[in-house]
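Open the model in your viewer and keep the selection panel at hand. The tour goes stop by stop, with something to select at each one.

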Amino acid sequence: MSLENIVYYNRYSEQLEVEKIYGERSVRWAYETSTGKLALSTYLTRPWLSALHGMLMNRTRSRNKILPFIHEYDLDIEEFRKAPDAFRHFNDFFYRELKPSARPIDKKKESIVFPADGRHFLIPNLDEEANFFLKGNRFNTLSLLGDSRLAEVYRGGSLVISRLCPVDYHRYHFPISGDYQKLHALPG
């Protein structure tokens, strides 16, 4: 079975576009071949591998990947708060800050803005039957939160899942005004 192209609506160009997948050859190998699927289930999804990759991208020599990445994925350097050569390593670039003008916030009271760059999926009603996928795993509100009282609080509410890609701005913001009451960390 072959992975289909990921097609999304670009609200800036107002057209459907095909997403460029970071490491597409490797991703297709992992999901489309029997040896790739074996590697995926055996070691590619292990936290230590992600930690190792993160460590390598914290090294100064990883700066060499920044400009090719910018060109390959057509990133607008005018949005960056720092110039590309000012980043210490690839991870510094990866979670870069943007200029305030890069993502203007709609100030209308009836507006809600997305909390992050990415591809967004809306579940309008979180009832007991609502299932959704995160990181390849199926969840409902209770299985995600692991707390029946907290799951009840969100029953009937809505959920937006923002899937960030390597080309996206990797920072989150509150989509509406207000103060958070409690942080609930979900391990994994």
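**Stop 1: a pair in H1**

Select Glu-24. Its relative accessible area is 31%, so Glu-24 is partly exposed. Keep in mind that this is a predicted model.

Arg-28 is buried, because its relative accessibility is 16%, under the 20% cut-off. Arg-28 and Glu-24 are four residues apart in H1, which means about one helical turn separates them.

**Stop 2: the loop between H5 and S3**

Select Asp-117 and Arg-103. Here is another salt bridge, with the closest N and O atoms 2.7 Å apart. Both residues lie in the loop between H5 and strand S3 (119–123), so the pair ties together parts that are 14 residues apart in sequence. Which partner is buried? Asp-117 is, with a relative accessible area of 17%. Arg-103 is partly exposed, at 26%.

Next, pick Asp-106 and Lys-108. They form a salt bridge as well, and the closest N and O atoms are 3.3 Å apart. Asp-106 counts as partly exposed, with 33% relative accessibility. Lys-108 is also partly exposed, at 48%.

**Stop 3: a salt-bridge network**

Select Glu-19, Arg-119, Arg-163 and Asp-168 together. Salt bridges with shared partners join these residues into one network. How many salt bridges does the model hold? The count comes to 12.

**Stop 4: the largest nonpolar core**

Clear the charged residues and turn to the nonpolar ones. The largest nonpolar core has 15 residues. Select Phe-69, Leu-75, Phe-80 and Phe-93, which touch the most other members. Then show helix H4 (66–72) and helix H5 (90–94): each supplies at least two residues of this core. H4 gives the most, with three residues.

Zoom in on Phe-69. What does Phe-69 contact beyond its neighbours within four places in sequence? Show Tyr-22, Leu-75, Phe-90, Phe-93, Pro-166 and Val-167: Phe-69 is in contact with each of these.

**Stop 5: another core**

Note on methods. Residues are numbered from 1 along each chain as its sequence is written. This is a predicted model: local features need pLDDT of at least 70, side-chain atom pairs count only at pLDDT 80 or more; totals for chains, interfaces and linings use all residues. Side-chain values use heavy atoms; hydrogens and water are left out. A nonpolar core is a set of buried Ala, Val, Leu, Ile, Met, Phe, Trp, Tyr and Cys residues joined through side-chain atoms within 4.5 Å. Buried means under 20% relative accessible area, exposed over 50%, partly exposed in between (1.4 Å probe, protein chains only). Contact means heavy atoms within 4.5 Å. A salt bridge is a side-chain nitrogen of Lys or Arg within 4 Å of a carboxyl oxygen of Asp or Glu.
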